[in-house]
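Q: Please consider the model shown below and the terms applied to it. What counts as a helix or a strand in this description?

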Number of protein chains: 2
Amino acid sequence: MKPLKIALLGCGVVGSQVARLVDEQSADLAARIGAPLELAGIAVRRPNRHADVPPGLLTDDAAGLVARDDIDLVVEVIGGIEPARTLLLSALEGGKSVVTANKALLAEDGATLHDAAAKAGVDLYYEASVAGAIPLLRPLRESLAGDRILRVIGIVNGTTNFILSRMDATGAGFDEALAEATALGYAEADPSADVDGFDAAAKAAILAGLAFHTRVTAADVYREGIGDVTAADVAGAKAMDCTVKLLAICERVTSESGDQVSARVHPAMIPRSHPLAGVGDAFNAVFVEAEAAGSLMFYGRGAGGAPTASAVLGDLVAVARNRVTGSRGAGESAYADLPILSIGDVRTRYHLALDVADQPGVLAAVAGAFADEHVSISTVRQEGRGDAATLVLVTHGACDAALARTVRRLSDMAAVRRVAGVLRVEGMAAE
Amino acid sequence: MKPLKIALLGCGVVGSQVARLVDEQSADLAARIGAPLELAGIAVRRPNRHADVPPGLLTDDAAGLVARDDIDLVVEVIGGIEPARTLLLSALEGGKSVVTANKALLAEDGATLHDAAAKAGVDLYYEASVAGAIPLLRPLRESLAGDRILRVIGIVNGTTNFILSRMDATGAGFDEALAEATALGYAEADPSADVDGFDAAAKAAILAGLAFHTRVTAADVYREGIGDVTAADVAGAKAMDCTVKLLAICERVTSESGDQVSARVHPAMIPRSHPLAGVGDAFNAVFVEAEAAGSLMFYGRGAGGAPTASAVLGDLVAVARNRVTGSRGAGESAYADLPILSIGDVRTRYHLALDVADQPGVLAAVAGAFADEHVSISTVRQEGRGDAATLVLVTHGACDAALARTVRRLSDMAAVRRVAGVLRVEGMAAE
């Protein structure tokens with residue numbers, strides 16, 4: 001069989017591992033595909049800085065490499081919107097199948113890529129874009145294709161999970177835990193993409209689209225980072241036998257007017273008994289609830305060169321096999337075309353800590369504020385006395401808008417000195 | 001699009017759920033496949049006993065149903081070797097694609113079915129045959145197709161996991177826990193297929209074949225059930241901060257003479273910190289270690305009508321899509337053709353409890369027996385004094401044959417009153 005020629009775009013942490021595996025596993029890959037793979041070129045910004053790959057393969061002309069007639073498959077691990085989008089569109093329009101790990105691009109403009117792939121009759125695979133090595137997109141797209149997915153809850157960002165795990169383990173505040181993550185190389189010099197939830201929001205958009213057969217972009221995802229999570233929040237979670245995690249949540253919300261999609265990223269308390277609670281440090285895990293399958297969980301390394309390259313290689317074998325057999329994998333499935341539920345209408349439970357005046361009638365006044373907004377209280381307890389009195393409340397399921405209005409009422413009350421913490425509670429029954 | 005017609009063989013716990021989902025999800029399935037599915041016939045032993053499906057579909061002539069010219073896809077959930085094998089061969093030879101949940105048949109004679117599918121150019125999918133709803137075979141076959149899988153360790157039998165979980169929780173003996181499982185419907189009247197490890201061994205054969213791209217049959221799998229696990233074994237595990245699980249283990253063992261495959265099912269202690277340790281009751285979980293991906297875990301419901309039907313439907317969508325596009329999914333990949341490592345050559349760690357005479361020199365004599373067989377001891381502790389003296393030993397990694405010889409030596413020693421328990425220890429470093 002004639003070799004299938006690969007253009008690799010990017011040769012950093014992931015790309016260099018892709019190049020290594022394509023070389024080291026060549027015999028196995030050829031046997032699994034039915035034809036050998038050949039790395040035909042590697043596009044990088046500075047070709048003289050890559051001593052670890054054969055220099056003859058390196059080029060700084062990515063567009064020229066993608067346009068070469070002899071290229072069958074394009075692997076993109078550059079990341080970011082441009083020039084990745086232009087390069088991949090050129091590849092797809094030129095009849096090349098694409099494997100990409102680019103979550104930002106897929107979440108911002110996946111539709112354009114999917115349309116180009118469909119028009120050209122080629123494959124666009126992107127398992128590596130979410131949760132690194134964990135097989136997740138293929139199970140959602142294929143294994144659960146006959147089921148009705150209700151909810152996907154994931155820990156899909158290792159940096160924030162490391163920070164929150166440290167805060168849980170040591171009682172440290174956010175700044176201290178971030179500094180530790182930075183020192184250990186778990187956080188970037190500019191940690192905003194991770195800490196502010198942008199990375200997780202892109203992944204949530206991809207997961208929601210696959211799970212619910214609809215198009216969801218990063219802009220559709222409600223997003224709160226972990227920068228405001230305090231040591232007191234983490235301690236409050238512990239007191240409830242919970243832990244705080246940054247969750248990417250994709251939900252199908254069914255009402256009389258039909259199904260809607262909620263996609264959101266925010267910190268939340270989850271019970272320590274929940275399978276996601278034990279996922280520590282830089283690991284990722286995704287919990288899926290489907291109507292027939294019930295609860296499923298997928299766990300593994302969500303980042304890193306070799307794990308992410310493993311996911312890229314799995315896709316590479318699939319698209320290469322399709323080339324050999326002249327077929328094409330399942331394309332985008334977005335027929336359901338569901339509306340996005342606004343965050344104000346999302347129902348969850350909430351944990352609130354209120355610094356209050358320790359005097360008769362305060363609880364009645366606080367409870368009245370909740371009642372006025374039709375937010376039902378599940379539990380209340382008072383901690384401390386006198387100046388240190390704090391009311392800790394957990395609500396039943398309430399919509400976000402009503403909770404926000406309740407918090408404004410509470411902030412305006414003389415007896416409430418401070419709304420010290422408001423955090424969603426997930427993974428318990430909604431009511 | 002013309003509907004794709006399905007013949008359903010079997011309408012018990014799983015089959016009736018398949019029929020229900022094909023009906024209830026018909027609009028979604030049609031959108032995902034690109035053509036509607038139509039249940040054209042259901043073969044059962046006693047057609048008058050199925051009030052829950054349209055009587056016009058029922059037949060007791062399975063062979064006649066499979067042979068019908070208008071059938072595109074055959075779903076088999078009868079189980080067992082015959083008549084399932086004859087029916088599926090007839091289906092495949094007749095150009096029909098097959099979805100089956102039949103682990104026993106695939107583990108005994110998968111090669112014959114795979115060959116027939118390849119010859120006819122049709123699909124043979126069987127995600128539901130292992131670990132119910134958990135997407136596992138597709139990840140092994142496809143997501144990890146570019147990686148080198150080193151080890152698969154699974155809890156793949158819910159009945160035995162329930163029994164061992166109860167023994168761990170309550171201190172009960174095997175007979176008592178089995179009686180509880182039977183009363184609750186977790187164990188069959190004749191529990192041998194589960195308790196003696198036959199069910200798990202069939203699954204281990206399927207997993208090992210997929211993980212290592214080779215053919216493995218149930219007869220290649222070393223098998224020990226849980227009938228000999230005692231309350232003392234479970235207590236001994238607790239003392240080491242371990243728990244006892246029935247594990248299906250598939251390992252790639254690399255030596256100078258090349259790779260070999262070890263596939264085995266037996267009870268073993270695993271550390272409570274291992275992700276599999278927390279998998280309780282009737283849940284299944286499978287832990288996969290791959291060279292590039294690192295550690296992965298898949299968790300969910302391993303049995304039950306709806307969960308298993310979810311896996312069947314996922315396959316059904318895939319093979320139906322392939323029909324629509326005139327393509328075929330990846331077939332069997334058995335090119336590696338690896339030899340099976342004999343159980344005597346498998347290296348693991350062992351936990352031994354020896355009732356001994358409480359007198360000077362006993363430990364030296366016992367240690368000598370291990371040394372004579374080149375089995376290295378990791379830890380020893382003595383429990384109790386006088387008549388109740390017990391030596392508890394944990395070895396470093398040792399091959400099974402040497403351990404068996406050591407146990408024979410120990411049994412023959414005057415100072416050893418009884419070899420009270422021998423259990424493998426998995427999930428720790430091998431040495």
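A: Helices (H or I, at least four residues) and strands (E, at least two) are DSSP runs, numbered from the N terminus. Residues are numbered from 1 along each chain as its sequence is written, and chains are lettered from A and ligands numbered from 1 in the order in which they are written. The model is predicted: local features need pLDDT of at least 70 and side-chain atom pairs count only at pLDDT 80 or more, whereas totals for chains, interfaces and linings use all residues.

Q: What follows helix 10 of chain A, and what is its phi?
A: The residue after helix 10 of chain A is H213(A), with a positive phi near 55°.

Q: How do you know that the length of helix 10 of chain A is close to the one expected?
A: The expected span is 1.5 Å times one less than the number of residues. Helix 10, residues 198–212 of chain A, has 15 residues, and its reach of 21 Å from first to last C-alpha is close to the expected 21 Å.

Q: Why is helix 10 of chain A described as largely enclosed?
A: A residue is buried if 20 or more other C-beta atoms lie within 10 Å of its own, exposed if 12 or fewer, and partly exposed in between, with C-beta atoms placed from the backbone. In helix 10 of chain A, 15 of the 15 residues are buried, so the rest of the structure largely encloses this helix.

Q: How does helix 12 of chain A stand in burial and length?
A: Helix 12 of chain A is mostly covered, with 18 of its 21 residues buried. The helix reaches 30 Å between its end C-alpha atoms, close to the 30 Å expected. Just after helix 12 of chain A comes G326(A), with a positive phi of about 70°.

Q: What makes D315(B) a buried residue?
A: D315(B) lies in helix 12 (residues 305–325) of chain B. D315(B) has 30 other C-beta atoms within 10 Å, whereas the term requires 20 or more; D315(B) is therefore buried.

Q: With which residues is D315(B) in contact, leaving aside its neighbours within four places in sequence?
A: Contact requires C-beta atoms, placed from the backbone, to lie within 7 Å. By that rule, D315(B) is in contact with V99(B), Y125(B) and E127(B).

Q: How many residues of each chain are in contact with the other, and which helix of chain A gives the most?
A: 48 residues of chain A are in contact with 48 residues of chain B. On the side of chain A that touches chain B, helix 12 of chain A gives the most, with 12 residues. That side divides into 27 nonpolar, 12 polar and 9 charged residues. Here Ala, Val, Leu, Ile, Met, Phe, Trp, Tyr, Cys and Pro count as nonpolar, Asp, Glu, Lys and Arg as charged, and the others, Gly among them, as polar.

Q: What makes strand 12 of chain A and strand 12 of chain B a pair?
A: Two strands pair if DSSP finds at least two bridges between them. Strand 12 of chain A and strand 12 (residues 294–301) of chain B are joined by 5 bridges and run antiparallel. M297(A) stands opposite Y299(B) there.

Q: Which strands pair with strand 5 of chain B, and over how many bridges?
A: Strand 4 (residues 73–76) of chain B runs parallel to strand 5 and is joined to it by 4 bridges. Strand 6 (residues 124–125) of chain B, also parallel, is joined to strand 5 by 2 bridges. L73(B) has S97(B) as its bridge partner, V98(B) stands opposite L124(B), and V99(B) is partnered by Y125(B).

Q: How do you know that both faces of strand 5 of chain B are covered?
A: S97(B) and V99(B) on one side, and V98(B) and T100(B) on the other, are all buried.

Q: What is the handedness of the unit made by strand 5, helix 5 and strand 6 of chain B?
A: A crossover is right-handed if, with the strands pointing away from the viewer, the path from the first strand over the helix to the second runs clockwise. Strand 5, helix 5 (residues 103–120) and strand 6 of chain B make a right-handed β-α-β unit.

Notes: Two residues are in contact if their C-beta atoms, placed from the backbone, lie within 7 Å.
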